[in-house]
Amino acid sequence: MAFSSVFRRVNVKELISNASVYASAAESSGAMSLVFRRWATKKTAGSTKNGRDSNPKYLGVKKFGGEKVEPGNIIVRQRGTRFHPGNYVGMGKDHTLFCLKEGHVRFERNKLTGRKWVHVDPVAGHVLHPVYASGSTTVADLDAQL
């Protein structure tokens with residue numbers, strides 16, 4: 001059986017004029033049922049790689065030079081050590097600097113290295129630990145004091 005008996009040559013013009021744009025497969029007549037559909041007039045919306053944002057971290061200096069601070073007050077929130085802890089200043093695991101004793105904040109910069117230090121000057125003045133109070137204390141003297 002030859003293909004010419006099953007398929008006949010058709011013109012593109014003939015196909016377009018015979019088939020309706022909105023025709024369904026049941027409505028079209030003829031040996032070959034060709035269904036034409038309307039194509040989209042708008043391009044589909046593609047995916048985008050933008051559209052995300054992280055929450056703000058509120059970094060920076062919280063207590064400035066000369067301000068009064070109490071133990072536990074956060075002085076600087078930072079990533080890394082832009083500011084280094086000085087006297088009576090502690091550093092958290094995320095490099096946050098906080099106050100250890102009541103006093104006033106003082107910022108210092110080393111002229112040679114450019115390293116910035118944050119100190120707290122205590123209100124009551126500098127109080128030495130009992131171990132360092134006198135140069136000639138022994139362990140027995142310390143036990144007697146406690």
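There is one aromatic pair in this structure, where rings of Phe, Tyr and Trp (its six-membered ring) pair if their centres lie within 6.5 Å, and planes under 30 degrees apart count as stacked, over 60 as edge-to-face and the rest as tilted. Phe83 and Phe107 make up the pair, edge-to-face at 5.7 Å centre to centre with 70° between the planes. Phe83 belongs to strand E4 (residues 83–85) and Phe107 to strand E7 (residues 103–109), so the pair ties together parts that are 24 residues apart in sequence. Strands (E, at least two residues), like helices (H or I, at least four), are DSSP runs numbered from the N terminus.

Before going on, some ground rules: this is a predicted model, with local features needing pLDDT of at least 70 and side-chain atom pairs counting only at pLDDT 80 or more, while totals for chains, interfaces and linings use all residues. Residues are numbered from 1 along each chain as its sequence is written, and side-chain values use heavy atoms, with hydrogens and water left out.

Phe83 is buried at a relative accessible area of 13%, whereas Phe107 is partly exposed at 31%; the cut-offs are under 20% relative accessible area for buried, over 50% for exposed and in between for partly exposed, with a 1.4 Å probe and protein chains only. Phe83 also has Lys116 over its face, 5.2 Å from the ring centre (a charge sits over a ring if NZ of Lys or CZ of Arg is within 6 Å of the ring centre and within 35 degrees of the ring normal).

Now zoom out to the sheet. Four strands form an open, mixed sheet in the order E2-E7-E8-E4, with two strands pairing if DSSP finds at least two bridges between them. E2 (68–69) and E4 are at the edges with a single partner strand each, so one side of each has no neighbour in the sheet. E4 pairs with strand E8 (residues 116–122) in the parallel sense over three bridges, and Pro85 has Val118 in E8 as its bridge partner.

Elsewhere, strand E3 (residues 74–77) runs antiparallel to strand E1 (residues 60–61), joined by two bridges. E3 is also joined to strand E6 (residues 97–99) by two bridges, again antiparallel.

His84 sits in E4 and is buried at 15% relative accessibility. Its side chain makes a polar contact of 3.3 Å with that of Arg115 (a pair of N or O atoms within 3.5 Å; within protein, one must be able to donate a hydrogen and the other to accept it, and residues adjacent in sequence count only if both atoms are side-chain atoms).

That leaves the charges. The whole structure has four salt bridges, each a side-chain nitrogen of Lys or Arg within 4 Å of a carboxyl oxygen of Asp or Glu. One of them joins Asp94 and Arg77, with the closest N and O atoms 3.7 Å apart. Asp94 is in the loop between strand E5 (89–91) and E6, and Arg77 is in E3, 17 residues apart.

Arg106, Glu108 and Asp121 are linked in a salt-bridge network. Arg106 meets Glu108 at 3.8 Å, N to O, and Asp121 at 3.1 Å between the closest N and O atoms. Asp121 lies in E8 and Arg106 in E7, so this pair ties together parts 15 residues apart in sequence.
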